[in-house]
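Grab a pencil and open the viewer. Here are a few exercises to work through, each with a solution.

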Amino acid sequence: MFAAAHQLHHLWQNSSDQMDSGKVFNVGVIGYGLSAKIFHIPFIAATPQLRLHAIVQRSPTKANSAPEDHPGARHYEDVEELLSDTDVDLVVVTTPPDSHFDLTKAALQAGKHVLTEKPFVPTAAEADQLIALAREKKLLLCVYQNRRWDGDFLTVRRLLANQTLGRIVDFDSHFDRYRPNAPVASWKGDLNTASGGGAVFDLGSHLVDQIYILFGMPRSVHGRLLSQRRGCLDVVSPDSMTAELTYANGMLAHVRTSVLSPETSQLRFWIRGERGSFRKLDLDPQEDQLKAGIKPTDHDFGCEDPHKMRLVLVGDDGVGREADMQVVEAKTYRDFYASLGRALQSGCEDDLPVKAEEVRHVLRILEAIVEKSLPGWPYYPPNDDCTEFRNCFKPTFFASEAERMALNPEVRSPSDYAVGRRNQLGRYLLHFLAFLTYTSFIFFYYIEIEKFLSSCCGVTDVAVTDVAVTDEAAAHFRKKQNASSSESVPKPEESELSLGITWPEGIFLTCIVCLIAQAFPSVRSARELMERSNAICFDLAYAFLKCCDGGTQPVIFECLALLAAFPVVLLEELRMNTCEPNVTGYCKEAGRKMCLLRHGIYNGSSVGSTMMTGGSVRSRTDNTAESSGSMLRPQFEQVDYFYEIFVLQLHMDYDAHDMRVNRPPSMANHIICNLNSHIDQFWQHGGANSRIAIMREQAEVLCSLIYSTRPLSKHEVSPVIFQRATSVMTVLVALNIPYQRASWFYVGPTTYICTFLKIVLVSALSAALTSLVHELHLMWDPFGKAIINKYGWTARNAMAIDNLVHDFYEDNDNIVRPHGF
């Protein structure tokens, strides 16, 4: 019976597959530009499994009208109308790249399969989100990397699969053209790199995708983004690019796109191996044929000219000879849509012609090329830990003051960075309220307290003396004498306990004065040394920006991060926090991120909060790309609060890993070593020659300040036992004052106002004494957690460096500081 059931299930599954194999899927196309009209709609019409069902075109014109060109399809002017159409099975997104993520996400959420034009999305992080959403919805997500079906690429793929050329040594892939004029009214000329535009994502996505299919992920990447039309480096809106991909076996893959290549026949492929080489001229003919009106079903569509290909093989004698070249039969872009139709029928992601997961890896390489294209950028492997802009620090569970200001620095008040701690008056008022309560208690229960203390001291009866009190005071005493009629108010000088405390009061107050006299110079010296360190850090930051071969290199911003972090590290060492996080590594990462942000690449590839996203990025209106004679000034972005947020997050990292070990801290010395190393590099490369000596001298002064400030730590010079004993005894004296002066409350005027004023006066004196002891304790620890605001020395210095960076821009090889006057 089980076998019969299994056979019925098998028959039902086969019949279902047959039903799906005959299904025609309705396609809705978003956008009606060159991509839709040339690269998609003709192939949709030539694919039996697909039918053009609807087109979204917001503003049809007489020259470009989807309703006139395709009257049999439905026409919408809004994307929501297409997504709400239940008859649509597949959505094809052909809009500019900056809208791909939102439209693809909306289509997937609407339950549609999606085919997205290249470039897929601007970042790999966005690709991950779409891939996860498609798998969650059990929908197919494909990317139109149609150049995998170019005839010349298929020929190259066969040569490599057959090992015709042997082990590949060099692989050059070009997409060169001669187009001296920038495109007008097109996203290719309007969108920048951060939005998925520029040469990297436009043409580079095709070339890198082909290399990825052949060789996989590279081990390292190096690139250069250029504006050949303007004659300068440009990572924001480049029109040309050159990239080098290095693989583990030593192979180098070169990718190049150019808009100023005046050749009659452009180089497309040049591949060199151990046993031969292959060269191909000009691009695949399919795009030109489609633009000329040739249909995909026409004869000879996509056929390559074998005369444009040259194959050289090395014989047994070691001599290379030209060999006959057999071109692979053209599959054309029809095969892409045919594979897509079969994938829709099977519903299996593995059947897709281009998987989104593959394109996600291509985006990682493209992002790495952009990062490595910045001036002075080193080789950097394009893996997840490197290319994603992640925060160096983990956020704390409970929000601290540093975290509050780091998350939203615009809400901080000017007093947040004052060196002196706030709320001294508030702490005094708390002491005053406590002593007011204590003194009031003494006033109302003085006789009971006196009786208790007398009994404890062995006195059986308290002498009744002729205390000069008024009748109202005597009446008050009678109300309080419920337990014994013989009780009265003694004179304060007749209390043996009071007499025993009167003399030590002067002694302890004298000790307090001595401690204050010793502690005040320490506080003053600490502030002077820290202010001096901030001044030197600022001078060094100015020198790095002004003289070190340009203010846009990552190493310059790394040095600024080191100078911003130096006061933080020094302060934490003085507070005996021996935790040593990887501050120099944080600074290196901060320099890279700052360089990207200054060039306008602020989308990144990370999700969640980072030190970059914490600050705002806006364009500087005074640094726009304006011409000055024959010189063009590049555009830079103003990055607000960058080093300030970096310093606050560094404080959070120290607070999260506070520790005490018996070893001397060394992170401040490590920062000085890194600064000296960078200064030496500048000298070796010929930069900042006029200020190298001054910069080295300032670095040495910073090093000497480390050893000058360390003895100011409380644990180095404070007489801890003497200080604590004096503090405890002074607090006891302050507690005794209200009791010792209690009888004074009952003499003289006995109105409630006068009595209350006496209580307030005694409470104020006691509160002043305890507050003085508290401030004294803090003065002996000037780098502690209360008397000095640590953000006043650290974040204030970082804010000054931020403002300094905003004052500089690069004008070709010169660093210019604009003046408001």
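**Exercise 1. The sheet**

In what order do the 6 strands of the open sheet come, and is the pairing parallel or antiparallel?

*Solution.* Keep in mind that this is a predicted model. Walking across the sheet, you meet β3-β2-β1-β4-β5-β6, and the pairing is parallel. The edges belong to β3 (74-76) and β6; each has a single partner strand, so one side of each is left without a neighbour in the sheet. From one strand to the next, the twist averages 25 degrees.

Now zoom in on one pair. β1 (residues 25-30) and β4 (residues 90-93) run parallel and are joined by 4 bridges. Look for Gly28, which stands opposite Val91 in β4.

**Exercise 2. A helix on the sheet**

Find which strands helix α2 touches, and give its direction relative to β2.

*Solution.* Start at residues 34-45, which make up α2. This helix packs on the sheet and touches β1, β2 (50-56), β4, β5 (113-117) and β6. Its direction makes about 150 degrees with that of β2.

**Exercise 3. Covering α7**

How many of the residues of α7 are buried, and what covers them?

*Solution.* Count along the helix: 8 of its 11 residues are buried, making α7 mostly covered. Among them are Gly151, Asp152, Phe153 and Leu154. The cover includes β7 (168-176), α10, β12 (267-273), β13 (276-281), α11 (286-291) and β14 (309-314). Past the helix comes Gln163, with a positive phi near 60 degrees.

**Exercise 4. Two helices together**

Work out how α7 packs against α10 (residues 204-215).

*Solution.* Take the geometry to begin with: the axes are 11 Å apart and the angle is about 20 degrees. That makes the two helices, α7 and α10, roughly parallel. Their crossing is right-handed.

Then the side chains. From α7 come Phe153, Val156, Arg157 and Leu160, and they meet Gln210, Ile213, Leu214 and Phe215 in α10. Sorted by class, this contact has 6 nonpolar, 1 polar and 1 charged residues.

Conventions. Residues are numbered from 1 along each chain as its sequence is written. This is a predicted model: local features need pLDDT of at least 70, side-chain atom pairs count only at pLDDT 80 or more; totals for chains, interfaces and linings use all residues. Side-chain values use heavy atoms; hydrogens and water are left out. Axes are lines fitted to C-alpha atoms, for helices over the stretch in contact, and angles run from 0 to 180 degrees between N-to-C directions. Angles under 35 degrees count as roughly parallel, over 145 as roughly antiparallel, 65 to 115 as roughly perpendicular and the rest as oblique. A crossing is left-handed if the near helix is turned anticlockwise from the far one by less than a right angle, and right-handed if clockwise. Contact means heavy atoms within 4.5 Å. Ala, Val, Leu, Ile, Met, Phe, Trp, Tyr, Cys and Pro count as nonpolar, Asp, Glu, Lys and Arg as charged, and the others, Gly among them, as polar. Two strands pair if DSSP finds at least two bridges between them. Buried means under 20% relative accessible area, exposed over 50%, partly exposed in between (1.4 Å probe, protein chains only).
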